[in-house]
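Thanks for coming. I will go through side-chain interactions in one model, and I will keep to what can be checked on the screen.

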Amino acid sequence: LKLTVMALAAIFTLGLASCSDSKDEPNNGGTTLSEGDKLLQDVLAQNVDGNINYTYKELADSTNQLYEALQQMRAASKTNSVTQEMVNDACDKFLKARSNYEQSEAFLLGAAADFSIDPHIDSWPLDLSQLLILFESPKMIENLDGENGPEVANNSLGQSLLGFHGIEFILFRDGQPRKAAELNANGHDSYNEDNLDFTQFNGEYELIYATAVCGDLRNSVYRLETSWNAEAPKSHFDIMEALEWSTVTTTSGISYGENMKKAGVIGSTYTSVKNAVSAVLVGDGGAAGISDEVGNVKINNPFSGADVSYIESPYSHNSLTDFWHNIQSIKNTWMGGRPESRNSAKSFEAYFKKYAPEINTEVENALNDAQAKINAIPAPFVLNYSSPKCREAIEACQNVTNALNKANDFIQNTNK
């Protein structure tokens with residue numbers, strides 16, 4: 001994610017030192033929290049529990065299910081028994097995990113940023129030239145094949161070969177699940193484009209790579225989950241301990257969820273409730289950061305011709321769904337959580353309905369319009385990135401960014 005001026009301002013604010021001598025009282029300029037800030041305190045807590053922790057739990061479950069499906073396929077490929085049902089099931093699990101991850105992109109602050117997890121598991125385009133070189137290295141593939149394969153992948157492969165999009169290339173082609181026959185030991189890849197000939201590689205070889213990369217993806221997601229939620233499953237913490245991966249804030253040594261809930265208290269990196277709200281709404285790793293990225297980078301890079309190869313999820317033809325879920329991630333943040341875990345009484349929506357209803361209307365209209373404009377782009381995006389409908393979607397995403405900035409400005413400047 002690229003830093004913007006608004007993000008730099010938010011980061012500067014995050015760095016302001018606390019002046020309170022109390023370890024328990026909110027540090028809000030020495031004053032008692034206003035009624036509005038008390039509500040925002042509840043909004044932040046609900047955002048942690050009903051949005052961030054809930055989404056990361058769903059993401060952890062779905063990436064583990066994908067990993068198990070790939071392990072099953074990799075074992076079956078040895079005896080040429082991979083079935084189309086197995087492939088289709090793995091593809092469904094991939095898309096489920098992908099949905100959960102894209103719905104987490106309104107909160108790529110905290111652990112995702114501090115531990116560089118987002119670029120590690122979600123960089124694109126996939127470097128097919130480097131993947132070809134990897135596949136031409138039997139020793140490296142042998143190292144990836146084993147119980148410590150995910151750790152080998154983490155330590156040895158660059159981010160252009162890791163994460164969702166390497167797995168996507170193995171499972172999908174032209175928006176469809178791969179043919180099962182290609183993924184058996186006696187089958188071969190059919191990809192031979194742009195002087196990149198993968199037809200020399202069999203399915204077992206490719207599944208070794210995909211399984212190891214998915215194990216690393218799963219582990220990285222467990223780190224997100226355990227870093228935000230101290231109550232995450234012990235088995236997930238055990239994996240973090242075995243990998244010697246930290247799961248606490250880099251400065252205060254508490255979970256990222258607790259850090260946000262304690263905004264304004266000594267020990268939190270957020271010096272006030274409003275400081276934390278600013279990070280959530282307009283920080284580069286927050287809501288406005290992803291609306292800016294969807295419009296000005298994910299859609300505009302290929303649309304403008306700046307980089308026509310910069311297309312997210314091209315093999316599964318899932319780009320537009322990714323973009324839609326990114327905006328949904330902002331909606332969930334605004335409205336008090338995922339629909340399944342939402343508490344609308346403790347939401348930005350509730351706050352603005354009470355104090356500035358016209359801003360709430362502007363934000364929600366902008367979000368709905370952005371999703372509608374994304375849906376209006378002809379699918380698949382990889383074949384239609386020059387459609388004039390893209391310009392409308394870019395403008396709609398900018399409107400979301402502008403509305404979120406207006407919302408944050410109101411909060412920062414009100415005494416309510």
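Predicted model: local features only at pLDDT ≥ 70, side-chain atom pairs only at ≥ 80, totals over all residues.

**Charged pairs, a histidine, and the rings**

Glu-362 has a relative accessibility of 31%, so Glu-362 counts as partly exposed. Residues are numbered from 1 along each chain as its sequence is written, and side-chain values use heavy atoms, with hydrogens and water left out.

What does Glu-362 pair with? Its side chain meets that of Lys-406 in a salt bridge, 2.9 Å from N to O. A salt bridge here is a side-chain nitrogen of Lys or Arg within 4 Å of a carboxyl oxygen of Asp or Glu. Glu-362 is in helix H17, residues 357-376, and Lys-406 is in helix H19, residues 389-413, so the pair links distant parts of the chain, 44 residues apart. Helices are DSSP runs of H or I with at least four residues, strands are runs of E with at least two, and both are numbered from the N terminus. Lys-406, at 39% relative accessibility, is also partly exposed.

How many salt bridges are there in the whole structure? The search finds 24. One of them joins the side chains of Asp-49 and Lys-261, at 2.9 Å from N to O. Because Asp-49 lies in helix H2 (residues 35-78) and Lys-261 in helix H12 (residues 256-261), this pair ties together parts that are 212 residues apart in sequence. Asp-49 is partly exposed at 40% relative accessibility, and Lys-261 is partly exposed at 35%.

Glu-258 and Lys-262 form another salt bridge through their side chains, 2.6 Å from N to O. Glu-258 is partly exposed, with a relative accessible area of 30%. Lys-262 is partly exposed too, at 37%.

There is also a network of salt bridges, which links Arg-98, Glu-102, Glu-105, Asp-122, Lys-298, Glu-312 and Asp-322. The criterion is NZ of Lys or CZ of Arg within 6 Å of the ring centre and within 35 degrees of the ring normal. The charged end of Arg-223 sits over the ring of Phe-115 in this sense, 3.8 Å from its centre.

Next, the histidine. Is His-120 buried or exposed? At 16% relative accessibility, His-120 counts as buried. Its place is in helix H5, residues 117-121. The side chain of His-120 makes a polar contact of 2.7 Å with the side chain of Asp-216, and one of 3.3 Å joins the side chains of His-120 and Asn-154. A polar contact is a pair of N or O atoms within 3.5 Å; within protein, one must be able to donate a hydrogen and the other to accept it, and residues adjacent in sequence count only if both atoms are side-chain atoms.

On to the rings. The structure holds 23 aromatic pairs. Trp-124 and Tyr-310 have ring centres 5.1 Å apart and planes at 40°, so this pair is tilted. Rings of Phe, Tyr and Trp (its six-membered ring) pair if their centres lie within 6.5 Å; planes under 30 degrees apart are stacked, over 60 edge-to-face, and the rest tilted. Trp-124 is buried, with a relative accessible area of 11%, and Tyr-310 is buried at 18%.

Trp-228 and Tyr-256 form a tilted aromatic pair, 6.0 Å centre to centre with 40° between the planes. Since Trp-228 is in helix H10 (residues 203-228) and Tyr-256 is in helix H12, the pair ties together parts 28 residues apart in sequence. Trp-228 is buried at 2% relative accessibility, and Tyr-256 is buried at 4%.

Finally, one aromatic cluster is formed by Phe-135, Phe-169, Tyr-191, Phe-198, Phe-201, Tyr-205, Tyr-209 and Tyr-315.

Notes: Buried < 20%, exposed > 50% of the residue type's maximum accessible area, 1.4 Å probe, protein only.
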